[in-house]
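Colleague: I want to go through the labels in this model one by one. Please set each value against its cut-off.

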Amino acid sequence: MRRRSRPPAADTPRARFDAVARATVADRPLHEWLDNYQAVQQGWHRWAHDDLGDAEEWRDAVAAVRRHTLAHLDRYLAEFAANVERAGGHVFFAADAEEAREYVADVARRKGVRRVVKAKSMVSEEIGLDAALAATGAEVTETDLGAYIAQLAGERPYHITGPAVHMRLPRIREILSRAAGEDLPEEPDALAASARRTLRDRFLTADLGVSGANFGVASTGTVVLVTNEGNGRMTTTLPPTHVVVMGMERLVPDWRSLEPLLVMLPRAGTGERLTTYVSAITGPRREGDADGPEELHVVIVDNGRSRILGTKYQAVLQCIRCGSCADFCPVYRTMGGHAYDSVYTGPIGAVLAPLLDGSEGREHLPFASTLCGACDDACPARVPLSDLLLELRADVVAGPSPDANAAPSTVPASGSGSSSAAEPRWWALGFKGFAAVATRRRLWDAALCVASGLRPILRSARGCDPGRCAASRLEPGASGRSRLLRAPGVVRAWTDARDLPLPAPASFARLWRRRPRAGSPASSSPARRGR
Amino acid sequence: MITCLGDALYPQVGVAAVKVMEALGVEVDFPPSQVCCGQPAFNSGYREEARAAARAYLKAFAVSEHVVSISGSCAAMVRRHYPVLFEGLTEEAEARALAARTWEFSQFLTDVMDVTELPVRHKARVTFHHSCHTRRLLGVVEQPERLLGMVEGLEYVPLPRAEECCGFGGTFAVKMPVISSSLVDDKVDHVLETGADELLGLDMSCLMNIGGRLSRRGAGVRVRHLAEVLAEGWGR
Ligand code: SF4
């Protein structure tokens, strides 16, 4: 019997996923590194939450602001855009990634831009902006240290707030040395200083600064940036043109509603009370301003978001991109950030990546979770990540559906073939069988009878060479019960690493039927007796 | 509520739970038509199949005053997911009512039966795995620890990183076995760190995972449901 009825083709997203996960698991030093990274992050996260007194109340407040904003997003978008323009900025609504890329590339061409500096922006990654800017002939430099290192390495961000969290010092030294053209010492301070020298030069000579937006305040048209390295300020004040690329859901109604978000974002994201910088940018440079760009463009990106609005997935837009769900996710740690094959990693990536435009073939991501709920507990915005994963799974299993409430793009496109479908047909058959048995006690009993009848047969297979024999192998377990060491088919995915107990000689139901009754019939009323 | 796994693989857990509850004066019944709460199907995305199983459950326990489950995640399936599963359907009220009277075993003992002492002796160094659904979906964390504290002779060693998942995740364990196996290895490391003779828990599915890896690694730690220890040491 084959292990898999349909082995995935070599270069499907699923095959890449499996390859990355397997490589991460096999890399023990990386495993330990990520394990330690999470332990440290979780420690700071807990400290920063205990410090608040009642963190749950703050989470409620964040969730309330986010839900309210999403419920009235059209109104706040109009207000925000009007206020950006009133302050002298330009606003562009991009329906998809291509429109957004084109707009920014156009600005770059029009301004004759040769050097672009970028402050970390997930949306710019999402829409693939760097390549579009490079195509105009401009040189693009990420200025967040982690993002800069990842860019030099040609890698996707590993984590929402820490793009290079997986890299250890020797690798970083190698990357930065190559960029600097000199042999740098394996010393964090020296490495940071070298990067700072390069970046300083880029800031001073850049013609265009690109940033994201942590929040947009609708009442004043202000873009709020929360950063630690100071690169955000340089990017948004030094170059003569500043382009903000933001997801259309990033708004808050006003400054008062911004408060809980500013309180919780750094606490959840990095476990700090406050980031080093909180910048608020309203319009381009005005008369008398000491610095700031002459031109400000705000590109508001939809790219699948408006299709999520109003569906059962709306809550995913509550996310404030703190990365905390990844810091608590055991699956993230184990398979690594690159397994998501998306700019959005961790549990939020498993939900969001399959929902956004251009993410076809990511149907396996919602299944990359044990549903342990650690992410739900960690999320400052109360995004119900586990529930959303469950909904996505149901939609993937149901396949293409005219249901407007179904997952926008997870469902495999019709005719796309089996390799993109996350769900092999035999699972569906298996669960059909499950439903038949689970609703008919007799059938279940019969199945158990057969299974315990198989015990001697399974047992006789004992002793066959596990290296060559694809059939079952058995050994007596510690408690005298037999355990399965090797089994064919899907069970083998279990027995490759774990023993499996055999069905008991008699099920509980059988024991119950045989049990001596103290006069009362089995169907006696189950009322509680007093002692 | 014996659960499919408890029926087929671990009948001794159900027997133990019945023994403990009867000793506490509870009249225990086992409606024979129950098979599975539907959780495997629900968590795998098979809503229709899950609903079919859940319907059978609603019927099986229609007249029960309380439903006690020997698995935390099955109790959580009923308490947390049945209302979602039947939302807007004719069975919704029935599902909500069943959810409200379904308990995990340790939760039933402490929160419903108000047990404050147990005539149980058990001499062993034990550690405890708080399964994720028991902890996060039911909020059952200190109940089993309270029960452990009532057992004479028992030395309880908390598990390091106790809030972390063992990597089971239902079909996840066989759909993504590489990730799952790595997670259970981490868990086994933590169990071994405690130097405990026994690992106890409230959910045989997680324990099957951790136990399966422990025995594959040749570790001698005994893996059991809390009910087994209570039943075995009762009145000693
Ligand atoms: S889902 Fe929640 S925890 Fe994850 S990044 Fe978004 S806000 Fe943070």
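Modeller: What follows takes the labels in turn, with the definition behind each.

Colleague: What kind of model is this, and how are its residues numbered?
Modeller: This is a predicted model, where local features need pLDDT of at least 70, side-chain atom pairs count only at pLDDT 80 or more, and totals for chains, interfaces and linings use all residues. Residues are numbered from 1 along each chain as its sequence is written, chains are lettered from A and ligands numbered from 1 in the order in which they are written, and side-chain values use heavy atoms, with hydrogens and water left out.

Colleague: How many helices and strands does chain A have?
Modeller: Chain A has 22 helices and 13 strands. Both are DSSP runs numbered from the N terminus: helices are H or I with at least four residues, strands are E with at least two.

Colleague: What makes A:Gln38 buried?
Modeller: Buried means under 20% relative accessible area, exposed means over 50%, and partly exposed lies in between (1.4 Å probe, protein chains only). A:Gln38 has 2%, so it is buried. Its place is in helix α2 (residues 28-50) of chain A. In chain A, 55% of the 531 residues count as buried.

Colleague: Which residues does A:Gln38 contact, beyond its neighbours in sequence?
Modeller: Contact means heavy atoms within 4.5 Å. Leaving aside neighbours within four places, A:Gln38 is in contact with A:Ala326, A:Asp327, A:Phe328, A:Cys329, A:Tyr332 and A:Arg333. A:Gln38 and A:His159 are 121 residues apart in sequence, and 12 Å apart from C-alpha to C-alpha.

Colleague: Why is B:Asp114 called exposed?
Modeller: B:Asp114 has 54% relative accessibility, so it counts as exposed. It lies in the loop between α7 and β3 (121-129) of chain B.

Colleague: What makes the phi of B:Asp114 worth a look?
Modeller: Most residues other than glycine have a negative phi. B:Asp114 is not a glycine, yet its phi is positive, about 50 degrees. B:Arg161 also has a positive phi of about 50 degrees without being a glycine.

Colleague: Why is B:Arg161 called partly exposed?
Modeller: Its relative accessibility is 25%, so B:Arg161 counts as partly exposed. B:Arg161 sits in the loop between β4 (152-156) and α10 (172-175) of chain B.

Colleague: B:Ala196 is in a loop too. Why is B:Ala196 called buried?
Modeller: B:Ala196 has 9% relative accessibility, so it counts as buried. The loop runs between α11 (177-194) and β5 (198-201) of chain B. Not counting residues up to four places away in sequence, B:Ala196 touches B:Arg125, B:Val126, B:Thr127, B:Val191 and B:Val221. B:Ala196 and B:Tyr156 are 40 residues apart in sequence and 8.4 Å apart in space, C-alpha to C-alpha.

Colleague: Why are α7(B) and α9(B) called roughly perpendicular?
Modeller: Axes are lines fitted to C-alpha atoms, for helices over the stretch in contact, and angles run from 0 to 180 degrees between N-to-C directions. Under 35 degrees is roughly parallel, over 145 roughly antiparallel, 65 to 115 roughly perpendicular, and the rest oblique. Helix α7 (residues 105-112) and helix α9 (residues 142-149) of chain B pack at about 75 degrees, with axes 9 Å apart. That makes α7(B) roughly perpendicular to α9(B).

Colleague: How do the residues of that contact of α7(B) with α9(B) divide?
Modeller: They are three nonpolar, four polar and two charged. Ala, Val, Leu, Ile, Met, Phe, Trp, Tyr, Cys and Pro count as nonpolar; Asp, Glu, Lys and Arg as charged; the others, Gly among them, as polar.

Colleague: What makes α7(B) mostly covered?
Modeller: Seven of the eight residues of α7(B) are buried. Among them are B:Phe105, B:Phe108 and B:Val112.

Colleague: Why are α19(A) and α4(B) called roughly parallel?
Modeller: The axes of helix α19 (residues 425-438) of chain A and helix α4 (residues 47-60) of chain B cross at roughly 10 degrees and come within 9 Å. The two helices are therefore roughly parallel to each other. On the α19(A) side are A:Phe431, A:Lys432, A:Phe434, A:Ala435 and A:Ala438; they meet B:Glu49, B:Ala52, B:Ala53 and B:Ala56 of α4(B). By class, this contact has seven nonpolar, no polar and two charged residues.
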